[in-house]
Amino acid sequence: MPPQRVPKQGFWHQTALALFECPVCFDYVLPPILQCQAGHLVCNQCRQKLSCCPTCRGPLTPSIRNLAMEKVASTLPFPCKYASAGCLLSLHHSEKPEHEEVCEFRPYTCPCPGASCKWQGSLEAVMPHLMHAHKSITTLQGEDIVFLATDINLPGAVDWVMMQSCFGHHFMLVLEKQEKYEGHQQFFAVVLLIGTRKQAENFAYRLELNGNRRRLTWEATPRSIHDGVAAAIMNSDCLVFDTSIAHLFADNGNLGINVTISMC
């Protein structure tokens, strides 16, 4: 069943959806649907955190499957959980989790690499957040700049981050060093757009290492910050090189990467 725009919901549809509302998180209880001994429902995510039914305080175990409610759920289109943020899609329950993982109306997380910053907010709030909470990040103007990563020989995992502003947009440049195995280190360089996936398709970027009569180049479409650095590294969808390559292009432990942003 393909995703559809939410039609004007009739009284029966709204009433039926209300039956699936989780009393804890107010999201929908979707199959597999489990109930307590008294018949009360709670979504599977909340159920894993509870020791008793939030409605009647009765035991949640043993698990009792409610097949009748599962059949009803299969006949209903469920709104995306980000409907209040503007998403107009209505989906079969089996498609809902996958869609919500990539929904453009999902709150944006802080695009800085690492897990230390837990900020979330709208796309419009990302740059104000970076300017306020991550003041150490340098911003360079222009479509052709040099991203200088200093002290690349620092031990352990290290991130270098810089912003580039051009064509009325902001781009985040990330160089990440990871220790993969037995002391073997790799560098990953990628460009993210502070924008949506659709906006990112309008641009291309080129990363280039130059030095000692050598050149290493990577060209690609920037990723949206909705996808993040980790996804690019996991798929090797970025410039990847090891320590020996880095030393070929480094100057006194500093590595300069030429970054060029262009419009498609």
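**Aromatic pairs in the model**

Phe-241 has a relative accessible area of 3%, so this residue is buried. The model is a predicted one.

Across the whole structure, a search returns six aromatic pairs. In one of them, Phe-167 and Phe-203 have ring centres 6.1 Å apart and planes at 45°, so the pair is tilted. The label follows because an angle under 30 degrees would count as stacked and one over 60 as edge-to-face. Phe-167 sits in the loop between strand 10 (158-166) and strand 11 (169-181), while Phe-203 belongs to strand 13 (residues 203-211); the pair therefore ties together parts that are 36 residues apart in sequence. The two partners can also be described by their accessibility. Phe-167 has 33% relative accessibility and so counts as partly exposed. Phe-203, at 2% relative accessibility, counts as buried.

Phe-241 takes part in another aromatic pair, with Phe-187 as its partner. Here the arrangement is stacked, with 5.3 Å from centre to centre and 5° between the planes. Phe-187 is in strand 12 (residues 184-193) and Phe-241 in strand 16 (residues 239-242), so this pair ties together parts that are 54 residues apart in sequence. Phe-187 has a relative accessible area of 1% and is therefore buried, and Phe-241, at 3%, is buried as well.

A further group involves three residues: Phe-20, Tyr-28 and Phe-78 form one aromatic cluster.

Definitions and conventions
Residues are numbered from 1 along each chain as its sequence is written. This is a predicted model: local features need pLDDT of at least 70, side-chain atom pairs count only at pLDDT 80 or more; totals for chains, interfaces and linings use all residues. Side-chain values use heavy atoms; hydrogens and water are left out. Rings of Phe, Tyr and Trp (its six-membered ring) pair if their centres lie within 6.5 Å; planes under 30 degrees apart count as stacked, over 60 as edge-to-face and the rest as tilted. Helices (H or I, at least four residues) and strands (E, at least two) are DSSP runs, numbered from the N terminus. Buried means under 20% relative accessible area, exposed over 50%, partly exposed in between (1.4 Å probe, protein chains only).
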